[in-house]
Structure formats: C-alpha cells, structure tokens
Amino acid sequence: MAFILKNCKLYLGLLIGLSVAAACSKDEFKVKGEIYGGEEKMLVMERSNFQGDWVPVDSTRINRNGGFSISFPAPKSPEIFRLVLNGKYIYFPIDSKETLTVNTSLDKFGHDFSLEGTPDASRMAEFEQELQKAPIGVPDSMAQFKRSVYTKYMKELPGSIVSFYILTKTIDDKPLYNPSDATDRKYFAAVATGFKTMRPDAPQTALLEQTALKALQEKNREEGKFSSIEAEEIALIDIDLPDENGKNIKLSDLAGKGKPVIVVFSLLNHPDSPDFNFALGEFYNSHKGTVEIYNVSLDADQYEWREAARNLPWITVYSPGQTGSQDALRYNVFQIPSFYIYNANGEISSRPMTLDELRKSL
C-alpha cells in the first residue's frame with residue numbers, strides 16, 4: 001500500500017521539470033537501510049492515529065540484497081512512526097524532512113538494530129536497547145530505572161518527541177510511566193511543561209497537558225481537596241463556552257431537554273482529525289434529530305479551530321488546551337477523544353472510551 005506521489009509530470013521543459021521534482025520530494029522523509037535475511041519480505045510502515053491505533057501508511061518489499069527504502073510526506077509536527085516485520089516493530093521519530101537509516105537482521109528485528117540520521121533517532125534506539133534490560137516486575141528497581149531514563153533522555157529535552165514517546169511507552173499493555181502513580185506524576189508534569197513551552201501548537205501538547213491535569217486531579221483526590229466526577233455522576237456538570245461565531249452556548253441549554261446529549265472532548269486540528277470527524281459525522285447522521293453533540297475542542301490555535309468548526313453540523317465550542325482546560329479537568333478527561341453521554345433527563349448515563357463503544361451505548 002502506498003499513498004505517496006511517486007512521479008511528477010514535467011511541463012515547461014527540463015528546468016521547470018527539475019523544480020517540480022524538487023517540490024515533490026522536499027516535504028518528504030525517508031527511511032532506508034538493510035535487513036539481513038529479510039529478502040523479498042514485505043515491510044510495512046505505520047503511524048499512530050487520533051484514536052491511538054497504529055495505521056499502515058506505506059509498504060515496500062525488501063530487495064534481494066536485503067535493502068529497502070520508504071519515503072512519506074513529512075508531518076507538520078513531530079510524530080512517531082514504526083516499521084513492522086513479522087509482528088515485530090522498530091519505532092522511530094520524525095520531525096520534518098530527514099533521512100533515517102536502519103540496519104538489522106530478520107531474526108533480530110525489533111530488539112537489536114541501529115537507527116541513525118538524527119540525534120532523536122539515535123536517542124530512541126539507545127532507549128529501546130536499555131528498555132530490553134529493564135527490571136520488569138521489581139518495583140524498587142523499576143523506580144530507579146525510570147529515574148535513570150528520565151535523567152538521561154527526558155530531563156534536558158522535555159519538549160522532544162522522544163520524551164513524549166518514552167513517557168507514553170507501554171510494556172505488555174501496561175504504561176512504563178503511569179500518571180496514576182504518585183512518583184510518576186512529576187515526569188508527566190515536566191514533559192507537559194516542556195511541550196507547552198517549546199511546541200504549544202503540537203497535538204501532543206494538549207494530550208500531555210490533559211494527562212498532567214488528570215495526574216493532578218488524582219493527587220488532589222488523594223489529599224481530599226475536591227470531589228471527582230464519580231461523586232457527581234448523576235448531576236449535570238455544566239459547560240459555558242463560545243462557539244465558532246463567538247456566541248456562548250451552555251451545555252445545560254441542551255441537556256435534560258428530552259433527548260440524549262453527547263459531550264465530546266477532542267482536537268479539530270490534528271492530522272487524524274478529519275477521519276475522526278468523518279466517523280463521528282456518520283454516527284451523528286444516523287441518529288439525526290434524536291441526539292445532540294456538544295463538542296469541546298482543546299486546540300491550541302483558535303483561528304484554525306474556528307475554520308474547522310464551521311464545517312461541522314453539530315455544536316462545537318472552544319476551550320484552549322494550550323492554557324489548560326478547567327472543563328476537561330472537571331470532566332476527568334485523561335485521553336483525547338473522550339465521550340460522555342447525558343440521558344434525556346440530563347443525567348450522565350455512560351462514558352464510552354471509543355467511538356465503537358459510543359455506537360453500542362446508543
């Protein structure tokens with residue numbers, strides 16, 4: 001599968017042709033290298049989508065000499081991609097147009113490899129090698145390991161995509177750094193602050209900030225400083241925010257008026273937002289007239305949010321994620337997107353974790 005424009009047409013002679021060709025490639029990154037023993041096997045490249053799933057974006061067949069090369073449009077902000085071969089993975093960071101080189105073998109793919117081309121790529125490869133030696137299952141040793149990882153890879157560059165990757169890394173479906181853990185909360189706060197300072201408009205910033213807010217909420221709950229949403233499970237937690245026309249719309253103007261209302265916390269300006277909004281639109285159209293959607297957007301850029309919001313048929317209001325969202329905090333939002341369903345009486349009846357769960361809930 002390939003979504004890349006492989007060739008550019010030449011129009012006004014060789015000079016223009018060269019310019020067109022350069023324009024065709026200038027916004028791409030490349031991953032190349034050799035995988036010994038992997039000759040003729042299919043190599044897939046994936047990226048994480050808006051829902052946290054890994055989606056194939058390109059593929060290539062390893063040649064007879066074990067070599068491969070994949071090019072793909074450079075993301076607007078740093079992202080993590082991965083190569084997939086025989087159910088094993090090599091993760092790598094992409095900031096913009098750059099070339100990374102991977103060298104490994106078929107039997108060692110995913111656990112013994114070199115990754116070169118940028119400082120971030122080298123740091124990530126080094127971290128992956130260390131992770132294989134982590135003392136999994138030994139709490140005291142793991143705490144020391146995580147402190148060491150933070151000091152070595154995140155402390156000096158908390159706003160780097162590698163810091164984001166490490167902070168959200170999972171091992172056997174369990175988080176390496178857990179925001180619910182009192183010791184790990186400080187790591188989330190540090191990286192969230194780094195992203196807010198260095199990359200205020202990056203989609204990871206809002207996600208990290210909400211996770212950090214969730215961690216703070218857990219801390220406050222433990223200290224008895226405020227009640228969580230569970231204590232208010234039935235009551236309406238009102239929201240009063242401006243829509244794309246600058247008019248404030250209250251959630252209480254919709255909820256409890258005889259039909260279910262779905263509160264959605266999301267981002268409208270993210271590479272995967274169009275796919276998410278399309279799927280949400282299909283759901284909305286299939287229930288048109290019987291449900292309302294109150295979409296709280298946590299985007300950093302209000303202008304771009306407004307332009308995107310104008311194209312949506314449901315109510316969309318703005319609560320900037322880059323400065324923290326009290327509404328997201330009150331709703332205990334710890335992932336994007338998040339869903340909350342108010343029943344016809346204006347009571348919270350369900351909190352689906354995914355669009356599929358939302359469909360089943362209604």
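**Exercise 1. Judge the confidence of this predicted model.**

State the mean pLDDT of the protein and the share of its residues that reach 70 or more.

*Solution.* pLDDT is the predictor's confidence in each residue, from 0 to 100. The protein's mean is 82. Of its residues, 83% reach 70 or more. Next, look at residues 1-25: pLDDT stays under 50 there. The model has 20 contacts (heavy atoms within 4.5 Å) beyond four places in sequence for this stretch. Residues 225-234 are also below 50. Where pLDDT is low, the predicted coordinates should not be read in detail.

This is a predicted model, where local features need pLDDT of at least 70, side-chain atom pairs count only at 80 or more, and totals for chains, interfaces and linings use all residues. Residues are numbered from 1 along each chain as its sequence is written, and side-chain values use heavy atoms, without hydrogens and water.

**Exercise 2. Characterise the pair Y177 and Y187.**

Find the centre distance and the angle between the planes.

*Solution.* Rings of Phe, Tyr and Trp (its six-membered ring) pair if their centres lie within 6.5 Å; planes under 30 degrees apart are stacked, over 60 edge-to-face, the rest tilted. The centres of Y177 and Y187 are 5.2 Å apart, with 80° between the planes. The pair is edge-to-face. Now place the residues: Y177 is in the loop between β10 (174-175) and α5, and Y187 is in helix α5, so the pair ties together parts ten residues apart in sequence. Check burial (under 20% relative accessible area, 1.4 Å probe, protein chains only). Y177 is buried at 1%. Y187 is buried at 4%.

Conventions: Helices (H or I, at least four residues) and strands (E, at least two) are DSSP runs, numbered from the N terminus. Buried means under 20% relative accessible area, exposed over 50%, partly exposed in between (1.4 Å probe, protein chains only).
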